[in-house]
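Here's a quick briefing on the ligand and metal sites in this one. Have a look at the model first, then run through the notes below.

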Amino acid sequence: MPRKLIKNAKIVSAQGIEPGDILIEREKILQIGKNLQDKEARVFDAGGKYVFPGFIDAHTHMGVPIRGTRSADDFSSGSLAALYGGVTTIIDFTVQEKGQSLADSIVQRKKEADGRSSVDYALHCNVTDLDEKRLKEIPAIVKQGIVSFKVFTAYREAGMQLDDRQILDLLWEVKQAGGTVMFHAENGDIISFLSDAFVRQGDTDAIFHAHSRPVLAEVEAVSRMVTLNQFIQCPLYFVHLTAAESVQIAAMAKQGGQNVYLETCPQYLLFDQSVYEREDGYRYIAAPPFRSKKDSDYLWQALQKGEIDVVGTDHCPFTLEQKEMGGRQFHLTPNGLPGVETLFALLYSEGVRKKRLSMERLVSLIAEEPARLFGLFPQKGILMEGADADLVIFNPDAEETISAAKLHSATDWTPYEGFESKGKIESVMLRGQWLLRDGILQDDNLRKGRFVPALL
Ligand code: URP
Ligand code: ZN
Ligand code: ZN
């Protein structure tokens, strides 16, 4: 395979933007520098456009079972959506069935991804059924390259919620093994109490989704998890934080010396609770719900000042038919939203172009930091010698309107319909192979995504 030389690039990293060339040999970056020459290499002129490291979406759910259905994207369609959005690595979650070993749940998830995914993938290990036997599996799982273990403090009705004693045991084992515990932090008992009360009264419109999952449920769970962790000091990662108060509590634990990392998602930056009052509000049901405009504003500031470390999408799309299957009642609607394809576009257009986010922070939030936190750095998340040649060529001068008709997820709608997207992702490369070249999909290179083991 001839080497590839990308000339005339504006190379973006979490440290800044530098003009330069990138020489690629097979799957890796061989050299980065100015005025590189290689007579044998095929030359691609980036024309002074931005070249980013391939983005990492640290939070996706492909084909995950929720409320008797499955999220609409499997690894095939979901990874196609990812690559069009410049995401060359997704980190998805295993699904542990009742009574299933963690090891078997990993084998099962890899079977679903291998041969289907067109982008590379890593895995977080969901722990929903925990006993002594499962705890003993943890060191071997970390050695296999899965270093993050996800806990739900909600969803008891779906058999997914762990109690505090189980969480303490898990924190202890994961800490010994050198991993991280991730939390979906909402107090499930507050939610089921409120939600049962609303349903009994016949209050089942979408807005009651938000009322049944108040900020307080998130605040309580975040506070409790950092309190439990005082005894143990395991690295923690809070997924999809939505509110100023919970971010501040997690950030305080970080200042107090705990290794605590925070994630939010584009939907919490761009929508507020009033969406649920709309006629189509039921479509936007996701857990946790959207909050106030004040909370969104706070989240933007927290991104820029580094209080929040990662933006993941929680990509978990359902078709309109699936969203309707509960008769638009909040407690019967599958929760989740599409997002992987619009991750960069939204952060760039709504963040960088509106001066709420620097380009450097953007790259940190969706490339470098997720790679560092989940053991993929420096193979992923940065353009440097020896790294995987995963990159995105972006033309900032183009402009288009986001529309479901132009997106590639298996779902038929997007929450971001009509949003202005500044710039255009023109080319995407995964490990030295073009997936997208000047907007044209490279069919021969699809479905070759690999599992990337995390290294501690
Ligand atoms: O509503 C959501 N977020 N669905 C996906 C599962 C989860 O809780 O992250
Ligand atoms: Zn969640
Ligand atoms: Zn999720």
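Along the sequence, the donor residues of the zinc ion (ligand 3) follow the spacing H-x1-H-x252-D. Keep in mind that this is a predicted model. In it, the zinc ion (ligand 3) and the zinc ion (ligand 2) are 3.6 Å apart, and ligand 1 sits in the largest pocket.

**Zinc ion (ligand 3)**
- The residues behind that spacing are His-59 (NE2), His-61 (NE2) and Asp-314 (OD), which coordinate the zinc ion (ligand 3) at 2.0 to 2.2 Å.
- What geometry do the four donor atoms of the zinc ion (ligand 3) give? The angles among them run from 85 to 144°, and the site is irregular.

**Zinc ion (ligand 2)**
- On the protein side, the donors here are His-184 (ND1) and His-240 (NE2), lying 2.1 Å from the zinc ion (ligand 2).
- Why does the zinc ion (ligand 2) count as irregular? Its four donor atoms subtend angles of 56 to 148°, and that makes the arrangement irregular.

**Ligand 1: who's around it**

- Asn-335 puts a polar side-chain atom 2.8 Å from an oxygen atom of ligand 1.
- For Gly-336 it's the backbone: an N or O atom there lies 3.5 Å from an oxygen atom of ligand 1.
- How much of ligand 1 does the protein bury? Taken alone, ligand 1 exposes 260 Å², and the protein buries 96% of that.

Note on methods: Residues are numbered from 1 along each chain as its sequence is written. Chains are lettered from A and ligands numbered from 1 in the order in which they are written. This is a predicted model: local features need pLDDT of at least 70, side-chain atom pairs count only at pLDDT 80 or more; totals for chains, interfaces and linings use all residues. Side-chain values use heavy atoms; hydrogens and water are left out. A polar contact is a pair of N or O atoms within 3.5 Å; within protein, one must be able to donate a hydrogen and the other to accept it, and residues adjacent in sequence count only if both atoms are side-chain atoms. Accessible areas come from the Shrake-Rupley method with a 1.4 Å probe; for residues, only the protein chains shown count as cover. On a 1 Å grid over the protein atoms alone, a cavity is a set of points where a 1.4 Å probe fits but cannot get out, and a pocket is an open set with protein on both sides within 12 Å along at least five of seven lines; lining residues have an atom within 4 Å of a point. A molecule sits in a cavity or pocket if more than half of its atoms lie within 2 Å of its grid points. Donors are N, O and S atoms within 2.8 Å of the metal (3.2 Å for Na, K and Ca); water is not among the atoms, so sites may look incomplete. Four donors count as tetrahedral if all angles lie between 85 and 135 degrees; four count as square planar and six as octahedral if opposite donors are over 155 degrees apart and all others between 65 and 115; anything else is irregular.
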